[in-house]
Amino acid sequence: MTSIRFDFRSDTVTRPTAEMREAMNAAEVGDDVFGDDPTVNRLEGRAAEMLGKEAALFVPSGTQSNLAALMSHCERGDEYIAGQEAHCYSHEAGGAAVLGSIQPQPIAHQPDGTLALADIEAAIKPDDMHYARTRLLALENTLGGRVIPLDYVRAATDLARRHKLSTHLDGARVFNAKVALGVSVSEIAAPFDTISVCLSKGLGAPVGSVLVGNAELIAKARRLRKMLGGGMRQVGILAAAGLYALENNVARLADDHAHAKVLGQGLSRFQALHVAPVETNMVWVDVDPEIASELNAYLAANGVGLTHGYAGRRQRWVTHLDLGPEAIDGALAVVAKFFD
Ligand SMILES: *Cc1c(COP(=O)(O)O)cnc(C)c1O
């Protein structure tokens, strides 16, 4: 197997830097299940403060964070509304249904990634014994690298509240949205009851997510985290990496976005490649079907790592902090050779 020289598969492939490892090495620790880990407590305090909420919970993964959130909002037999492409519906192994007995109500996305307000409203069930109880609207920002506009988010969450639904934001990449929009992350978080944020993607930490919300919901989520097997002990070692990421790796996401733009422009020079507008750190490319499998095999054989779907016809390239300008140029040079 050829090794990957330029790894665009995901922003999860980053490795902790020497400075981050130093912060991990120096972390003060304690048993976090007893609430005794000072570094975890600092991370939770800092995350809550940045996102403008009362409380936060450090969890091992974004999947567990979303699940603990959904289970905090919904009881057995309740239902949540989410987009067909929403990670918490489509990419978490059905956990809300399997482990939470929560029924998903998926809705098709509009071309811009939003869910039409009329579709949301139509999916909210009346109080009738035939129906599950609709309890929650879950949105995602960024969604597949697209920024969901804040005026839409306000309208959708207002609609949810009028119908007495809670609101959750899967903000795995909310800091990418923050940097792209040039607003504070608390402004993006404001309309939601809970927000989940991945520290292990573009922010560069090796492990972990934080869930933020009001004290009552986070206390509930803390119990659920224990139930789900996410109570960790001297985990300040990992929280230190998360704190380092929040303090040092947010503003630099702009570099990833700039790299993605350059990559998208470079790829769009080839007629067989159709590049979607680049908003953050993801580049989506529709490849002419005649060459798709040949191109993908060539890229893999030449050390360019990326993911694809739709029988290889849609490529996803993700930029991140372990890919500098030379990686962008290098990958584009490999692509150019294919078309020579
Ligand atoms: C990656 C991701 C998650 C889940 O995070 P894991 O840490 O991989 O479990 C949730 N939501 C979105 C939008 C993601 O991209």
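By the grid rule used here, two cavities of 30 Å³ or more are counted. The structure is a predicted model, in which local features need pLDDT of at least 70, side-chain atom pairs count only at pLDDT 80 or more, and totals for chains, interfaces and linings use all residues. Residues are numbered from 1 along each chain as its sequence is written, and side-chain values use heavy atoms, with hydrogens and water left out.

A cavity is a set of points, on a 1 Å grid over the protein atoms alone, where a 1.4 Å probe fits but cannot get out; lining residues have an atom within 4 Å of a point. Grid points are joined across faces, edges and corners, and a volume is the space filled by probe spheres set on the points. The largest cavity holds about 100 Å³ of space. It is lined by 15 residues, and those closest to its centre are His109, Gly113, Leu115, Leu139 and Glu140. Strand E5 (133-140) and helix H7 (150-162) each supply at least two residues of this lining, and E5 has the largest share, with three residues. Helices (H or I, at least four residues) and strands (E, at least two) are DSSP runs, numbered from the N terminus. By class, the lining of the largest cavity has nine nonpolar, five polar and one charged. Here Ala, Val, Leu, Ile, Met, Phe, Trp, Tyr, Cys and Pro count as nonpolar, Asp, Glu, Lys and Arg as charged, and the others, Gly among them, as polar.

The second largest cavity contains about 40 Å³ of space.

A polar side-chain atom of Thr63 lies 2.6 Å from an oxygen atom of the ligand, and one of Asp170 lies 2.6 Å from a nitrogen atom of the ligand. In the side chain of Arg173, an N or O atom is 3.0 Å from a ligand oxygen atom. Taken alone, the ligand exposes 380 Å², of which the protein buries 82%; such areas come from the Shrake-Rupley method with a 1.4 Å probe.

The largest pocket has a volume of about 920 Å³. A pocket is an open set of points with protein on both sides within 12 Å along at least five of seven lines. Its lining comprises 34 residues, with Glu85, Leu143, Gly144, Arg146 and Trp284 nearest the centre. Strand E10 (282-287) is one of the elements that give two or more residues to this lining, and E10 gives the most, with five residues. The lining divides into twelve nonpolar, twelve polar and ten charged residues.

Finally, the whole structure has four aromatic pairs, that is, rings of Phe, Tyr and Trp (its six-membered ring) with centres within 6.5 Å. One of them, Tyr298 with Phe338, is tilted, at 5.2 Å centre to centre and 50 degrees between the planes; planes under 30 degrees apart count as stacked, over 60 as edge-to-face and the rest as tilted. Because Tyr298 lies in helix H13 (residues 289-301) and Phe338 in helix H14 (residues 325-339), the pair ties together parts that are 40 residues apart in sequence.

Notes: Polar contact = N/O pair within 3.5 Å; in protein donor to acceptor, adjacent residues only side chain to side chain.
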